[in-house]
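Student: I've just opened this one and I'm new to it. Could you walk me through what's there, one question at a time?

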Amino acid sequence: MKKYILLLLLMVAMTVPAFSQNANRSGFFIEAAAGVTTGDTPVMGYAVKNNVLSVKCAGGMAVNFGFGYRLSTGRHWAYEFRVEGQTSLSKPDLALLGKVFPAGFRYTSSEIFSNSSIYAHINVGGAAGATDGNILDGSYAPELTPDMDMQYAKIFGQGSFGVAYQLGVGLNITTHLYAELMWDSQVMLNTYGKEGKGTIHWGMAGVRVGYRF
């Protein structure tokens with residue numbers, strides 16, 4: 001009898017690890033995120049009042065939409081390829097960014113209850129922005145006057161380019177539905193920020209919800 005019990009326990013012990021991670025599966029996914037704009041944001045436009053120059057930068061609420069493919073490489077690890085669109089709601093057209101993340105790695109824990117588990121991921125890639133990098137130099141700016149209404153950059157002029165990355169920690173609510181706290185950022189080159197033209201680092205912090213098919 002003891003042999004049968006030991007055999008049964010051994011079978012259970014071998015079976016539990018095999019099914020200890022149900023959410024880490026391959027498939028296409030879609031995601032949506034909302035949060036706040038953070039960092040050294042790009043200049044969207046400028047105005048002059050009583051000979052004082054002021055600039056309007058991207059800011060406020062931000063949204064992000066993405067899709068991609070997740071490839072399970074083991075019980076807990078997966079590789080991700082994703083494409084995203086992100087913008088600040090203060091000026092959605094000029095703050096628009098397109099991002100491609102060809103390298104992403106995701107770790108999923110064993111179940112903490114039912115089919116729910118904790119996960120974390122990091123993704124790196126590139127970004128392209130709609131804001132014209134020459135908004136304040138001679139190739140775009142009109143002649144300044146003592147008082148001038150807001151002048152906005154040209155959408156998809158020269159544009160801006162840089163490196164993108166993101167981090168996220170979340171909960172697999174089911175084997176398909178998940179939610180996370182995320183930081184999605186980019187380092188943009190040759191772009192005007194609050195301190196002038198150069199390299200700026202900005203992004204969004206918020207909550208993301210996703211569904212894997």
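**A walk through the chain**

Tutor: Let's begin with contacts: counting those in the chain between residues at least 6 apart in sequence, 69% join residues at least 24 apart. Keep in mind that this is a predicted model.

Student: What share of the 213 residues counts as buried?

Tutor: For that, a residue needs under 20% relative accessible area. The accessible surface of the chain comes to about 11000 Å², with 70% of it belonging to carbon and sulfur atoms. Of the 213 residues, the buried share is 41%.

Student: Let's look at pairing. How many bridges join β1 to β4?

Tutor: Strand β1 covers residues 27–39 and β4 covers 61–72, and the two run antiparallel. The number of bridges joining β1 to β4 is 10.

Student: Which strands stand at the edges of the open sheet of three strands?

Tutor: This sheet has antiparallel pairing and the order β3-β2-β8. An edge strand here has a single partner strand, so one side of it is left without a neighbour in the sheet. That describes β3 (52–57) and β8 (148–152).

Student: By what angle are neighbouring strands of this sheet turned against each other on average?

Tutor: Direction is ignored for this value, and it is an average over neighbouring strands of the sheet. The angle is 20°.

Student: What is the bridge partner of G45 in β8?

Tutor: Strand β2 takes in residues 43–49. Its antiparallel pairing with β8 runs over three bridges. In β8, the partner of G45 is Y152.

Student: Now the charged side chains. Why does E80 count as buried?

Tutor: E80 has a salt bridge through its side chain to R82, at 3.1 Å from N to O. Buried means under 20% relative accessible area. E80 counts as buried because its relative accessibility is 0%.

Student: Is R82 buried or exposed?

Tutor: Besides its salt bridge with E80, R82 meets E84 in a salt bridge, 3.4 Å from N to O. E84 is buried. With a relative accessible area of 1%, R82 is likewise buried.

Student: Which residue forms a salt bridge with R208?

Tutor: In that pair, the closest N and O atoms are 3.2 Å apart. The pair links distant parts of the chain, 28 residues apart, with R208 in strand β11 (residues 196–212) and its partner in strand β10 (residues 177–193). Both residues are buried, and the partner is E180.

Student: Last one: is G126 buried, partly exposed or exposed?

Tutor: G126 sits in strand β7 (residues 117–129). Leaving out residues up to four places away in sequence, G126 touches G98, K99, V100, G162, V163 and A164. G126 and V187 are 61 residues apart in sequence, with 9.1 Å from C-alpha to C-alpha. Because the relative accessible area of G126 is 28%, this glycine is partly exposed.

Conventions:
Residues numbered from 1 in each chain as written. Predicted model: local features only at pLDDT ≥ 70, side-chain atom pairs only at ≥ 80, totals over all residues. Heavy atoms only, no water. Salt bridge = Lys/Arg side-chain N within 4 Å of Asp/Glu carboxyl O. Buried < 20%, exposed > 50% of the residue type's maximum accessible area, 1.4 Å probe, protein only. Helix = DSSP H or I, 4+ residues; strand = E, 2+ residues; numbered from the N terminus. Pairing = 2+ DSSP bridges. Axes fitted to C-alpha atoms, helices over the stretch in contact; angles between N-to-C directions. Contact = heavy atoms within 4.5 Å. Areas by Shrake-Rupley, 256 points an atom, 1.4 Å probe, with all protein chains shown as cover.
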